[in-house]
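Q: I would like to learn how to read a few features of a structure, one after another. Could we go through them slowly?

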Amino acid sequence: MSTTGPYGAGDADGAGNAAYGRKPFKRSRSHFADRVTADGRDGWPVEAGRYRLVVSRACPWAGRALISWRLLGLEDAISLAVTDPIQDDRSWRFTLDPGGRDPVLAIRYLSEAYDARESGYPGGVSVPALVDVPTKRLVTNDYQRLTLDFATEWRALHRDGAPDLYPRALREETDEVMEGVYRDVNNGVYRAGFATTQEEYEDAFRAVFRRLATVSERLAGRRYLMGDSITEADIRLFTTLVRFDAVYHGHFKCNAYKLAEDPVLWAYARDLYQTPGFGDTVDFDHIKRHYYQVHTGVNPTGIVPLGPDLSGWLAPHRRQELGGRPFGDGTPPGPPPAGEEIPAAGRP
């Protein structure tokens, strides 16, 4: 997430926190759009151990990268850094690590990797970010492309049994579905939450719930957005749905109804949450503290609500009655690596 750019490609930093809800919201393109590819055509070849994925568990855009990383079994190929969900005036920081410094990159702030890449870069510091470990330089913050490359360019380093998250035969339809979900849901909740006029808010609000109705109808007769198996489209929708009742419904005023009040979407979201690689990446404590304490322009008191009750995320969903194979011809990932488990405070 970033001050001027994608919230998920970064969140606000410093003075920008109070500005949310007081200035027009516009998501910018990722400034650093280099790609790590199998042929290394951008100068960044796929290579085990060379890159570090920096995420915030609060951020839905970083959440995409986390889920993809887990499902594809890239833990041994790409190391993981998790930032503090609460930022200071230099944005994402490594205060969760001993000494407040990332143990691999030896930096205190993600902004140091940005500065190493481009001195004086005027944009926001965003996650997810892929950093070159030897040089400590940012490689890319292109949150839209990163997970697609994980699914395609990193195939040689996928675990045995990794699912095909971006099937070639479905890409055109997948892209179309993802574009609508991105525009009206992923980004739409931010357009509503950071609106500065009633008209702007109402336009975004209506688009959010129109699109939710569309995907709910689509999912009524199929287990996943693209049919019988999980794809990138499900990952992208899930990271907004899992935050919906906890933050978007109240904090962003997307309150036509709660996710838990749409039987189809609520069952679909629970199905995914209970699937290995999804719920085991979600930290509700990080999510709630970040949104309510960082966006002081929207929530000036910084008070974090105690609700909602999270126990429903573990309730039976019965989506398996629609059939399907979650991982297609693949298999589920194993449990999270040691040290990557979500603490009790962040789980139902």
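A: Let us start with burial: a residue counts as buried when its relative accessible area is under 20%, as exposed when it is over 50%, and as partly exposed in between, with a 1.4 Å probe and protein chains only. What you see is a predicted model, in which local features need pLDDT of at least 70 and side-chain atom pairs count only at pLDDT 80 or more, while totals for chains, interfaces and linings use all residues. Residues are numbered from 1 along each chain as its sequence is written, and side-chain values use heavy atoms, with hydrogens and water left out.

Q: Are tyrosine 114 and tyrosine 121 buried or exposed?

A: Tyrosine 114 and tyrosine 121 are both buried.

Q: How are aromatic pairs described, and how many does the structure hold?

A: A pair of aromatic rings is described by the distance of the centres and the angle of the planes. Rings of Phe, Tyr and Trp (its six-membered ring) pair if their centres lie within 6.5 Å, and planes under 30 degrees apart count as stacked, over 60 as edge-to-face and the rest as tilted. The structure holds 26 aromatic pairs. In one of them, the ring centres of tyrosine 114 and tyrosine 121 are 5.8 Å apart and the planes meet at 25°, so this pair is stacked.

Q: Why is the pair of phenylalanine 284 and tryptophan 313 called tilted?

A: The centres of these two rings, phenylalanine 284 and tryptophan 313, are 6.0 Å apart, and the pair is tilted because the planes stand at 40°. Both phenylalanine 284 and tryptophan 313 are buried.

Q: What is the order of the strands in the open sheet?

A: Strands of a sheet pair through backbone hydrogen bonds, either parallel or antiparallel. Strands (E, at least two residues) and helices (H or I, at least four) are DSSP runs, numbered from the N terminus, and two strands pair if DSSP finds at least two bridges between them. Here four strands form an open sheet with mixed pairing, in the order β2-β1-β3-β4. Because β2 and β4 (137–140) stand at the edges with a single partner strand each, one side of each is left without a neighbour in the sheet.

Q: Which way do β1 and β3 run, and how many bridges join them?

A: Strands β1 (residues 51–55) and β3 (residues 129–132) run antiparallel and are joined by four bridges, and valine 54 stands opposite alanine 129 in β3.
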